[in-house]
Amino acid sequence: MNVPSESDWGNYRDDLDSEYAHRIFAGKTNDQVQLEFRRCVLERASELSFMPIKPFQYYMLGFKQFIEKGDFEQFDAPDAANCFISLVEQMLMTKPNFIKPILTDLMPTLEFVSENQLEYEADITIYGFFPVKLDHIKELAQNV
């Protein structure tokens, strides 16, 4: 996948959230946005959901790369893991055509996050049970 072109961003200026996502991500490679994810994973994950399809797919794979590297700020590991698995789940419910084409690429990382919730120190009472989220993702994927 190539860095999304300006035309891939469409009418991003029509929406403040899309415009902000464009300002942070546009024209950057996935290697270049790793620092952005590290600075504030909660915001970057949110911004992904406001992107048009091509930028979303490209930078979602960058988010996967960030999760796999595990280079989180202190105390950010649970939020990073939760944001990743929750964003996939949310997109399958709201924009399945955005996430379905890259789901096979994301699945090994989703499974790793699900199987290693304790390593991310993601408290079940706060973040829910990742294996249940993964089961829901698999169910949604089969039905869309």
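Helices (H or I, at least four residues) and strands (E, at least two) were taken as DSSP runs, numbered from the N terminus. The model is predicted: local features required pLDDT of at least 70, side-chain atom pairs counted only at pLDDT 80 or more, and totals for chains, interfaces and linings used all residues. Residues are numbered from 1 along each chain as its sequence is written, and side-chain values use heavy atoms, with hydrogens and water left out.

Glu111 is placed in helix α7, which covers residues 103-115. Burial was assigned from relative accessible area: buried is under 20%, exposed is over 50%, and partly exposed lies in between (1.4 Å probe, protein chains only). At 28%, Glu111 is partly exposed. Contact was defined as heavy atoms within 4.5 Å. With neighbours within four places in sequence set aside, Glu111 is in contact with Leu134 and Lys138. Asp135 is 24 residues from Glu111 in sequence, and the two C-alpha atoms are 9.9 Å apart in space.

Helix length was checked next. The expected span of a helix is 1.5 Å times one less than its number of residues. Helix α4 has 17 residues and reaches 24 Å from its first C-alpha to its last, close to the expected 24 Å. Helix α5 has 18 residues and should span 26 Å; its end C-alpha atoms are 25 Å apart, which agrees. Of the 18 residues of α5, 15 are buried, so this helix is largely enclosed by the rest of the structure.

Helix α4 also contributes buried residues, among them Phe56, Tyr58, Tyr59, Met60, Phe63, Phe66 and Ile67. Gly62 and Lys64 of α4 are buried too. The buried residues of α4 pack against α1, α2, α3 (41-48), α5, α6 (96-99) and α7. Gly70 follows α4 and has a positive phi, near 70°.

Aromatic contacts were then examined. Rings of Phe, Tyr and Trp (its six-membered ring) pair if their centres lie within 6.5 Å; planes under 30 degrees apart count as stacked, over 60 as edge-to-face and the rest as tilted. A search of the whole structure finds 11 aromatic pairs. Phe25 and Phe37 form an edge-to-face pair, 5.8 Å centre to centre with 65° between the planes. Phe25 lies in helix α1 (residues 16-25) and Phe37 in helix α2 (residues 34-39), so this pair ties together parts 12 residues apart in sequence. Both Phe25 and Phe37 are buried. Phe25 also pairs with Tyr59: the ring centres are 5.0 Å apart and the planes are at 55°, so this pair is tilted. Tyr59 lies in helix α4 (residues 53-69) and Phe25 in α1, so the pair ties together parts 34 residues apart in sequence. Tyr59 is buried, as is Phe25. One aromatic cluster is formed by Trp9, Phe25, Phe37, Tyr58, Tyr59, Phe63, Phe66, Phe72, Phe84, Phe112 and Tyr120.

A charge was taken to sit over a ring if NZ of Lys or CZ of Arg is within 6 Å of the ring centre and within 35 degrees of the ring normal. The charged end of Lys95 sits over the ring of Phe98, 5.0 Å from its centre.

Side chains of opposite charge can pair when their charged atoms come close. A salt bridge was defined as a side-chain nitrogen of Lys or Arg within 4 Å of a carboxyl oxygen of Asp or Glu. The whole structure holds 10 salt bridges. In one of them, Asp8 pairs with Lys54, with the closest N and O atoms 3.7 Å apart. Asp8 lies in the segment before α1 and Lys54 in helix α4, so the pair ties together parts 46 residues apart in sequence. Asp8 is partly exposed, at 23% relative accessible area.

Glu36 forms a salt bridge with Arg44, with 3.6 Å between the closest N and O atoms. Both Glu36 and Arg44 are buried. Arg38 and Glu73 meet in another salt bridge, at 2.6 Å from N to O. Arg38 is in helix α2 and Glu73 is in the loop between α4 and α5 (77-94), so the link joins distant parts of the chain, 35 residues apart. Arg38 is partly exposed at 24% relative accessibility, and Glu73 is partly exposed at 35%. Salt bridges that share partners join Lys28, Glu36, Arg39, Glu43, Arg44 and Glu47 into one network.

A disulfide was defined as a pair of cysteine sulfur atoms within 2.5 Å. The structure holds zero disulfides.
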